[in-house]
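Good morning, and thank you for making time for this presentation. I would ask everyone to look at the sequence and the structure while I speak.

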Amino acid sequence: RNFKTLLDSILEVVKEILSVLPNLIKHIFEVINKRLRFSITFKTTAIHTFSLTLALLFNTILIAGGIFGLLVYQDYEFMSRSMNAMASSITDANSIPEEKFLELSKDYGMDITIFNSNKDISFTTASSESSVFFSKNTNGFSLDGRDNNAYVMMDKKLGSGDSIYYIQLRRPITNYIPILPIAVSIVSALNILIIITSGIKLSRTSRKMLKPIDNMTNTAKSISISALDKRLDVVQSHDELKDLAETFNDMLDRIEKSYEQQNQFVSDASHELRTPIAVIQGYANMLNRWGKDDKAVLEESINAIKSEAENMKELVEKLLFLARADKNTQKIEKDEFPLNGLIDEIMRETRMIDSKHMFLCDRNDEVIIDADRTLIKQALRIFIDNSIKYTPENGLIKLNSINNGSGIILIIQDNGIGIPKEDLPHIFDRFYRCDKARTRQMGGTGLGLSIAKWIIGRHNGNIQVESGLNLGTKIIIYLPYR
């Protein structure tokens, strides 16, 4: 009974340990991961090896328990047969055949004790009667302990009335000791071999699987501003690492394109600023030499410097606009206003400042839109200024506004020189001009259309351009109500 209580206590302790073990292991790994730096291969191998060790340890416990249960079951079968044989012998002889029982006890290493009806010892083969005790389990099989020894016991009540005997067979569990350690040692040796082999194999496999990451790391380290054309090798990978490498390569493509655009932007801005600076410097030198005393030269120089300063101011303002747009800091203050009123205002101002072209508005539907009035006006002025710039004198420029139910369609159309087809895809690029030599005869900086496209895009609109050389240009803008 004491041994059974002890066994139950041990099982409860093991159960408690197993319940807290997962959280304890997780906490240990988190602490180690924060404190120390390990490679993915080491982490994978360590976690797998640790998990495998726990699984094999649990498996070893199950095997040891199974062997122990098998041995106990064998004792149960043997004791059952012996108990039946002894009961028959006592019944046939109507007495206790002591010599036969002594021989049986000696041959099979078990104690045989027989109690009378008063539960006093009538016969025992135990070395000490003090170690023998009467079990309350008078018919059955049990595990029990006494005097720091554990036993498997079988009890049986025999007879009736005054002729009652209680037969008790008892065998020490120490008989299992030679078997259990050997079995556990063999299983443990096999477990250690499995753990070592599995750890080595997993480490090699992990290094092989993660080799593309090393290649990615080395390639990434070799990438610099002067070597943005390098890309990760995606040929050797056919898993998630390939997706990662392709994503990384796409990012590098965008970075390289952005860097090239930035360089081009700086180069174009420097080119555009160089001309007015050179003009201003030239006139300033001329004034310094002899223009101060020549009124005609002085007047010419002042006008030229003033004109170029205005050009520089316009260019810088556009550059700042695009810089704020790129950084998403350009303010947009939307409010509801009648778009047809804005169209009328633009047409009126345009006719006032330009008398060399004909301006026509065939249709201007009344509609209220939610937008930044100043920015919309700026975008429309850019398109109209371009039409004025590239349309000969007495040419016709139209601006119409059509409400199609879901939004507004704005159409700016002229009968000017048009745009060659090969240039159409690039007209919204910064500093792009159809005249390859970048002549300044027409004026402008090549930034207006980029700004107009950004404004329309920020209002969730879109732009279509229809044009051809000497066929005029038609700009179609769609703006949703909101």
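I shall begin with the chain as a whole, then turn to its core, its strands and its aromatic rings.

What we have here is a predicted model, in which local features need pLDDT of at least 70 and side-chain atom pairs count only at pLDDT 80 or more, while totals for chains, interfaces and linings use all residues. Residues are numbered from 1 along each chain as its sequence is written, and side-chain values use heavy atoms, with hydrogens and water left out.

The protein chain contains ten helices and twelve strands. Both kinds of element are DSSP runs numbered from the N terminus, a helix being H or I with at least four residues and a strand being E with at least two. Of the 482 residues in the chain, 34% are buried. By buried I mean under 20% relative accessible area; exposed is over 50%, and partly exposed lies in between, with a 1.4 Å probe and protein chains only. If we take the contacts between residues at least 6 apart in sequence, 63% of them join residues at least 24 apart, where contact means heavy atoms within 4.5 Å.

Let us now consider the core. As a general matter, nonpolar side chains in soluble globular proteins tend to be buried together. A nonpolar core, as I use the term, is a set of buried Ala, Val, Leu, Ile, Met, Phe, Trp, Tyr and Cys residues joined through side-chain atoms within 4.5 Å. Which residues touch the most other members of the largest such core? Among its 43 residues, they are Leu339, Leu380, Phe383, Leu410, Ile412 and Ile477. The elements that give two or more residues to this core are helices H7 (295-326), H8 (339-353), H9 and H10 (448-458), together with strands S8 (368-371), S9, S10 and S12. Helix H9 gives the most, with eight residues.

Asp372 caps the N-terminal end of H9, with a side-chain oxygen 3.1 Å from the backbone nitrogen of Thr374. The buried residues of H9 include Leu380, Phe383 and Ile384, and also Lys377 and Arg381. Leaving aside neighbours within four places in sequence, Leu380 is in contact with Ile343, Ile346, Leu410, Ile412 and Ile477.

Helix H7 also contributes to this core. It has 32 residues and reaches 46 Å from its first C-alpha to its last, close to the 46 Å expected at 1.5 Å a residue. Just after H7, Asn328 takes a positive phi of about 60 degrees.

I turn next to strand S10, residues 407-414. Six of its eight residues are buried, so S10 is largely enclosed by the rest of the structure. Strand S9 (residues 396-403) pairs with S10 in the antiparallel sense over seven bridges; two strands count as paired if DSSP finds at least two bridges between them. Ser401 has Leu410 of S10 as its bridge partner. The two strands form a hairpin with three residues between them, and Gly405 in the turn has a positive phi of about 100 degrees. S10 is also joined to strand S12 (residues 473-480) by eight bridges, and these two run antiparallel. Here Ile412 is partnered by Ile475 of S12.

Finally, the aromatic rings. How many aromatic pairs does a search of the whole structure find? There are five. Rings of Phe, Tyr and Trp (its six-membered ring) pair if their centres lie within 6.5 Å; planes under 30 degrees apart count as stacked, over 60 as edge-to-face and the rest as tilted. The ring centres of Phe78 and Tyr108 are 4.5 Å apart and the planes stand at 50 degrees, so this pair is tilted. It links distant parts of the chain, with Phe78 in helix H2 (residues 40-93) and Tyr108 in helix H3 (residues 98-108), 30 residues apart. Elsewhere, Tyr73, Tyr76 and Phe141 form one aromatic cluster.

Key. A polar contact is a pair of N or O atoms within 3.5 Å; within protein, one must be able to donate a hydrogen and the other to accept it, and residues adjacent in sequence count only if both atoms are side-chain atoms. The expected span of a helix is 1.5 Å times one less than its number of residues.
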